[in-house]
Amino acid sequence: MADAMVERAQRFINSTYNNGAMLGISKLEEDGKTGWTVMYALTRALQYEMGLTSLSNAFGPTTLSTLQSKYPSLNASTMPSANFCRIIQSALYCKGYDGGEIDGIYNSRVQSAVAQLKLHMGVDGAYPGTSLEPKVVKGLLNMDAYVSTAGANEQIRTVQRWLNARYVNRRDFYIIPCDGHHSRDVAKSMLFAIQYELGMADGVANGNFGPGTQSGLKSHTVGQGNSSTWAYLFTAAMVLNKRNVIFGEFTGGVQSEVESFQAFSMLPVTGVGDYATWSSLLVSYGDQTRKGSACDCVTKITPERAQTLVNAGYAYVGRYLYNPSKTSLPEKQIQPGELETIRGAGLRCFPIYQTFSDSASYFKYGQGCVDASNAVEWAKAHGFKPGTIIYFAVDYDAMDGEVTDFILPHFRGISRTVAENSGYRVGVYGPRNICQRVTDAGYAETAFVSDMSAGFSGNLGYPLPTKWAFDQISTITVGSGTGAINIDNDMASGRDQGQNDFYPPAGIVSGLDRDFDKTKYRASMLADVQSYLTSIGVPETGGEGWVDDDWVTYGVNTTTEAFDAVLSYDWLFTNLARTLKIRKALIQAPVLWELRKLNAGDVVADEAVKAGLDDDCSTGWGQIFAWVTIDARNYCIQQGYLNTPPLTTADKKAVWDQLNQDVEYNIRSVAYLTMYNSYQLSIPSPSLTTSLADTQALLARYNGTGPDAQKYGQELVGLYQVLENYNALCRV
């Protein structure tokens, strides 16, 4: 929402520092909206006014030390210049406080705003009065909030203000947000606070969970009745981990919640704040000397290594379904005979699917569908039985916004594909925030948490996910000789028991379709499609034909538009073809044809159903009737191609709506109808080797029966052949 005074602040920057390019200040959009761009500009302006020659967006050590030495307390009498004051006034407005008139005068309104700001920060005791201290200025020139924001936890806000109040005068402690939300900075501030209470000097305390901090915590167990600063720090850590306690003394209520936390985290249930509990509250990996009952590895489990794991007390082992690299980690993928070795040793296996999933650009809905199909294919090839949870990996430090924009859509695709086309279940591997959000969204049942990456933004400031199954805390080597094996040591919650019984390995089916190479073949395939369609009376644009004994003109889509629409869903056609073990041209041909032949009559029929004047018509990209879809999907459910609840005539309206509005649902239904048509024709189900005659029969049956259907099949089989020729090139 635009703010008039923020807009004035933007105008001040633009007009005063109009040589901003020299200062690294971009011209601001005068939209009245606060953002990092505005804060960066104000920071550079402040640096310029202090006489710094090397300007930066960051309010770093040089900026702070210069401010501390030159202006340790800014007020009406010490303000160095009017523009310096205007920068402060502008920043106050950007933070939501009254900065006066941006007139360069440190008047009563500005002073009142500064006092209020320091109160909200919790530093009014450390910095009384209406002057601005350097650390407050640093806090002013960022996007941190010092009042409760949406979804705030007031206990967390109390902790934040307490930390600021108690430690702001320590050299390396900076004012943290007081918005009621845990964060990376808050987590770091807790470690500084503990180090200060352990007696570490400035410059020694560094906010890391190192040997000195660990050693010190081992002698600071707290329990019921403790009201020292250590009790406050411990309850603060509990609050920040979203445990239901009151910040302050270690009461009986705190003890009860500690016991609950310890049981949840698979720690010894002692009811006191011992070292193991401190560790689990402060860093994601916790006490790394803990011995888990699960592990994962990139090394083949041989009989000797299996015995090592059993002797070391391990019950579960995570192994990879697939290794996308042909050169590195040759034993990362499950090896022939390995699952039988695992079973024979009494171990249980949980499968992991990971590709090159190490940046936001990889993650999208379609890629999730592809990954799901590939994982299902490999799980079946290795012999995993239905009910197995497959853990899909996110192996990078995704910011929360990236989780929303990329990771969640990706897992929506995974969830839909796994649920619809297999009997497997979905798990998620990644940092805490990703695991929590994916399971909260319902896209995964359980989580395998990459807690060793303690510095990840998705781990710092986030509690252990509620549905965690495995928690990766350390890398160790166990055993010796031929039994030695390097593993990631994992805690296990029992939410996933893994698998200890497998089908005989089925292997990967060869010759399946692959993604179409648009760069290499699009132009030539389009030209061949256009040539073929023109030869049967379907030009690039327009055209006429018989429909229900009347001439109609079809021209909603050109051939190119229909062709490109089909290519835009190539991932889905490939997925369906690989899942059903058929040629994807058999699904593509009717969809491309129906898109090209779409006419005004089809649009009118759709509107009639929407208006309630009719209860069904062919609709969507594949022009399918709802009643046909119901029959086709039910057949595929019976045959095990599809894993969804059966449909009835009562579902007709809902099915029609999905066919009409959801392109993916419509294309999937085209594939299922193709499988059903083989049953209706009493011919073998389509496969990778279906004859051209049977292919033509299947395409004809797509349009019903009779002479019109036969003509339909004759026309479409030629289109099928054009598409198949190019799909075959991509299989090489």
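Is Asn575 buried or exposed? Asn575 is buried, with a relative accessible area of 5%. Here buried means under 20% relative accessible area, exposed means over 50%, and partly exposed lies in between, for a 1.4 Å probe and protein chains only. The structure is a predicted model, in which local features need pLDDT of at least 70, side-chain atom pairs count only at pLDDT 80 or more, and totals for chains, interfaces and linings use all residues. Residues are numbered from 1 along each chain as its sequence is written, and side-chain values use heavy atoms, with hydrogens and water left out.

Asn575 is found in helix H21. Helices (H or I, at least four residues) and strands (E, at least two) are DSSP runs, numbered from the N terminus. The side chain of Asn575 makes a polar contact with the side chain of Ser373, at 2.9 Å. A polar contact is a pair of N or O atoms within 3.5 Å; within protein, one must be able to donate a hydrogen and the other to accept it, and residues adjacent in sequence count only if both atoms are side-chain atoms. Leaving aside residues up to four places away in sequence, Asn575 touches Cys369, Val370, Ser373 and Thr417. Contact means heavy atoms within 4.5 Å.

Helix pairs come next. Two packed helices are described by the angle between their axes and the distance between the axes. Axes are lines fitted to C-alpha atoms, for helices over the stretch in contact, and angles run from 0 to 180 degrees between N-to-C directions. The axes of H20 (residues 559-568) and H21 (residues 570-580) come within 4 Å and cross at roughly 60 degrees. H20 and H21 are therefore oblique to each other. Angles under 35 degrees count as roughly parallel, over 145 as roughly antiparallel, 65 to 115 as roughly perpendicular and the rest as oblique. Val566, Leu567 and Ser568 of H20 meet Asp570, Trp571 and Phe573 of H21.

In a second pair, the axes of H25 (residues 652-661) and H26 (residues 663-681) come within 5 Å and cross at roughly 105 degrees. H25 and H26 are therefore roughly perpendicular to each other. On H25, the contact uses Val655, Gln658, Leu659 and Gln661; on H26, it uses Val663, Tyr665, Asn666 and Ser669.

Helix H4 (residues 61-70) has the buried residues Thr63, Leu64, Thr66 and Leu67. Seen down the axis of H4, these residues fall within an arc of 165 degrees, so they line one face of the helix. The arc is that of the directions from the helix axis to the C-beta atoms. The buried residues of H4 pack against helices H3 (36-49), H5 (82-94) and H7 (134-140). The face turned away from the buried side carries the exposed residues Pro61 and Ser69.

Two loop residues show a particular backbone angle. Most residues other than glycine have a negative phi. Ile102, not a glycine, has a positive phi of about 50 degrees. Ile102 sits in the loop between H5 and helix H6 (108-121) and is buried, with a relative accessible area of 10%. Leu329, also not a glycine, has a positive phi of about 50 degrees. Leu329 lies in the loop between strand E2 (316-320) and helix H15 (338-344). With a relative accessible area of 41%, Leu329 is partly exposed.

Val114 lies in helix H6. Val114 counts as buried, at 0% relative accessibility. Leaving aside residues up to four places away in sequence, Val114 touches Leu92, Tyr106, Thr130, Ser131 and Leu132.
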